[in-house]
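Please consult the sequence and the structure shown below while reading.

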Amino acid sequence: MDSLFSSQPSALTTELLLLIAKFLAASPCQQSFKVLRGELESLQILPKRLDWLGNEHEQSFEEL
């Protein structure tokens with residue numbers, strides 16, 4: 001279970017965290033959503049976006 005939460009989470013773990021965040025965003029648990037969104041952004045767990053030159057950039061939850 002420790003491998004799920006290593007310093008670089010796997011793509012599966014990232015997708016699961018994003019699904020949980022989207023679920024919480026549509027639920028009455030807005031405080032939980034805000035905390036999770038903040039953690040995802042501050043720990044830079046969100047996937048990076050690529051620009052048209054192929055450079056990676058950080059993105060916020062809203063941009064995702």
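Which residues of H1 are buried? In this predicted model, the buried residues of H1 are Thr13, Thr14, Leu17, Leu18, Ala21 and Leu24. Seen down the axis of H1, these residues fall within an arc of 135 degrees, so they line one face of the helix.

## Overall organisation

The chain contains 2 helices and 2 strands. In sequence order, these elements follow the pattern α-α-β-β.

The chain has 64 residues, of which 22% count as buried. Among contacts between residues at least 6 apart in sequence, 26% join residues at least 24 apart.

## Helix H1

Helix H1 spans residues 11-25 and has 15 residues. From its first C-alpha to its last, H1 reaches 21 Å, close to the 21 Å expected at 1.5 Å a residue.

The other side of H1 carries exposed residues, namely Ala11, Leu12, Leu19, Lys22 and Phe23. The buried residues of H1, by contrast, are covered by elements that include H2.

## Helix H2

Helix H2 covers residues 30-42 and has 13 residues. Its reach from first to last C-alpha is 18 Å, close to the 18 Å expected at 1.5 Å a residue. Within H2, the residues Phe33, Leu36 and Leu40 are buried. They cover an arc of only 70 degrees around the axis, which puts them on the same side of H2. The spacing follows a general rule: an α-helix has 3.6 residues a turn, so residues three or four places apart point the same way.

The buried residues of H2 pack against helix H1. On the face of H2 turned away from its buried side, Gln31, Val35 and Ser42 are exposed.

Lys34 is found in helix H2. Why does Lys34 count as partly exposed? Its relative accessibility is 45%, and partly exposed residues are those between the limits of under 20% for buried and over 50% for exposed.

Lys34 and Leu24 are 10 residues apart in sequence. In space, their C-alpha atoms are 8.9 Å apart. Leu24 is one of the buried residues of H1.

Where does Gln44 lie? Gln44 belongs to the loop between H2 and strand E1, which comprises residues 49-50.

The phi of Gln44 is near 55 degrees, a positive value in a residue other than glycine. Most residues other than glycine have a negative phi. With a relative accessibility of 49%, Gln44 counts as partly exposed.

## The largest pocket

How much space lies in the largest pocket? The volume is about 180 Å³. The pocket is lined by 11 residues, and those closest to its centre are Gln8, Pro9, Gln44, Ile45 and Lys48.

The lining of the largest pocket divides into 5 nonpolar, 4 polar and 2 charged residues.

Methods:
Residues are numbered from 1 along each chain as its sequence is written. This is a predicted model: local features need pLDDT of at least 70, side-chain atom pairs count only at pLDDT 80 or more; totals for chains, interfaces and linings use all residues. Side-chain values use heavy atoms; hydrogens and water are left out. Helices (H or I, at least four residues) and strands (E, at least two) are DSSP runs, numbered from the N terminus. The expected span of a helix is 1.5 Å times one less than its number of residues. Buried means under 20% relative accessible area, exposed over 50%, partly exposed in between (1.4 Å probe, protein chains only). The arc is that of the directions from the helix axis to the C-beta atoms. Contact means heavy atoms within 4.5 Å. On a 1 Å grid over the protein atoms alone, a cavity is a set of points where a 1.4 Å probe fits but cannot get out, and a pocket is an open set with protein on both sides within 12 Å along at least five of seven lines; lining residues have an atom within 4 Å of a point. Grid points are joined across faces, edges and corners, and a volume is the space filled by probe spheres set on the points. Ala, Val, Leu, Ile, Met, Phe, Trp, Tyr, Cys and Pro count as nonpolar, Asp, Glu, Lys and Arg as charged, and the others, Gly among them, as polar.
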